[in-house]
Amino acid sequence: MGVDKRNRLWVGTWDAGISVFDPASDKFINIYPRKNDSTWLSFKSIMSMKEDKQGNVWVMGVDGEVVSINISELTNYNEPDSMFQHIRFHGYKFLSPGKMIWEIESWGERNVIFSTAEGFFTIDPFTQQISRPELVADDGTRLDTMTNVSLCRENASVLWIGTHRHDMFRLDER
């Protein structure tokens with residue numbers, strides 16, 4: 001669950017996709033999954049959601065699936081159907097089956113970083129390129145392949161990383 005920059009409440013469900021509440025129109029908009037449809041949300045169980053710096057909403061599913069949702073500036077937010085006409089989805093699947101994506105944070109000027117059961121991955125939403133960054137904590141510990149379960153942004157350049165078995169680390173992106 002989260003609130004985007006337009007003050008809409010995004011609620012991920014376990015069994016029915018996403019509900020978006022727009023307080024300006026006092027209406028819910030439901031985004032139901034369409035299995036095997038690459039142009040739409042394809043999974044129903046939502047683990048977490050987060051908006052990036054560009055206004056894309058990133059949705060993480062339970063089986064290593066990620067979808068970025070972009071809603072065009074052409075959307076008339078007073079008309080609920082307008083959102084569906086201007087919404088775009090881009091799906092990514094880059095983990096082994098059964099592996100989890102735990103959290104997402106902004107990374108640099110335009111990328112996002114995911115903490116997963118298989119380490120870290122970054123995605124550039126403009127090129128859709130997925131990469132595995134080399135990450136070394138302030139104390140010299142390699143973090144890129146550890147099971148990372150939590151991320152917390154202290155400020156624009158400092159990211160705290162909680163791992164499954166190896167404590168917590170501070171990463172300065174500068």
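**Briefing: sheets, cores and aromatic pairs**

The side chains of Asp 4 and Trp 10 make a polar contact at 2.8 Å. The model is predicted. Among its features are an open sheet of 4 strands, an open sheet of 3 strands, a largest nonpolar core of 15 residues and 3 aromatic pairs.

- Asp 4 sits in the loop that runs between β1 (2–3) and β2 (9–12).
- With a relative accessible area of 6%, Asp 4 falls under the 20% limit and is therefore buried.
- Once neighbours within four places in sequence are set aside, the contacts of Asp 4 are Trp 10 and Glu 51.
- Trp 10, the polar partner of Asp 4, is also a member of the largest nonpolar core.
- Glu 51, the other contact of Asp 4, has Val 57 in β6 as its bridge partner.

**The four-stranded sheet**

- The strand order is β5-β6-β7-β8, and the pairing is antiparallel.
- β5 (46–51) and β8 (87–93) are the edge strands, each pairing on one side only.
- From one strand to the next, the twist averages 20°.
- Between β5 and strand β6 (residues 57–61) there are 5 bridges, in the antiparallel sense.

**The three-stranded sheet**

- This open sheet has the order β13-β14-β15, again with antiparallel pairing.
- Neighbouring strands are turned against each other by 25° on average, with direction ignored.
- Strand β14 (residues 158–163) runs antiparallel to β15 and is joined to it by 5 bridges.
- Opposite Ile 161 stands Phe 169 in β15.

**Nonpolar cores**

- Within the largest core, of 15 residues, those touching the most other members are Trp 10, Ile 18, Ile 31, Leu 41, Val 59 and Ile 69.
- Two or more residues of this core come from each of β3 (18–22), β5, β6, β7 (65–71) and β8.
- β7 supplies the largest share, 3 residues.
- Apart from this core lies another, of 12 residues, including Trp 107, Leu 151, Ile 161 and Leu 171.
- Ile 69, leaving aside neighbours within four places in sequence, is in contact with Trp 10, Ile 18, Gly 55, Asn 56, Val 57, Val 59, Ile 87, Arg 88 and Phe 89.
- Among these contacts of Ile 69, Trp 10, Ile 18 and Val 59 are also on the list of core residues that touch the most other members.

**Aromatic pairs**

- A search of the whole structure gives 3 aromatic pairs.
- Phe 21 and Phe 28 form a tilted pair, with 5.0 Å from centre to centre and 50° between the planes.
- Phe 21 is partly exposed at a relative accessible area of 22%, whereas Phe 28 is exposed at 51%.
- Trp 58 and Tyr 92 form a stacked pair, with 5.7 Å from centre to centre and 25° between the planes.
- Trp 58 belongs to strand β6 and Tyr 92 to strand β8, so this pair ties together parts that are 34 residues apart in sequence.
- Trp 58 counts as buried at 0% relative accessibility, and Tyr 92 counts as buried at 6%.
- Trp 58 and Tyr 92 make up one aromatic cluster together with Phe 114.

Terms used
Residues are numbered from 1 along each chain as its sequence is written. This is a predicted model: local features need pLDDT of at least 70, side-chain atom pairs count only at pLDDT 80 or more; totals for chains, interfaces and linings use all residues. Side-chain values use heavy atoms; hydrogens and water are left out. Two strands pair if DSSP finds at least two bridges between them. Axes are lines fitted to C-alpha atoms, for helices over the stretch in contact, and angles run from 0 to 180 degrees between N-to-C directions. Buried means under 20% relative accessible area, exposed over 50%, partly exposed in between (1.4 Å probe, protein chains only). A polar contact is a pair of N or O atoms within 3.5 Å; within protein, one must be able to donate a hydrogen and the other to accept it, and residues adjacent in sequence count only if both atoms are side-chain atoms. Contact means heavy atoms within 4.5 Å. A nonpolar core is a set of buried Ala, Val, Leu, Ile, Met, Phe, Trp, Tyr and Cys residues joined through side-chain atoms within 4.5 Å. Rings of Phe, Tyr and Trp (its six-membered ring) pair if their centres lie within 6.5 Å; planes under 30 degrees apart count as stacked, over 60 as edge-to-face and the rest as tilted.
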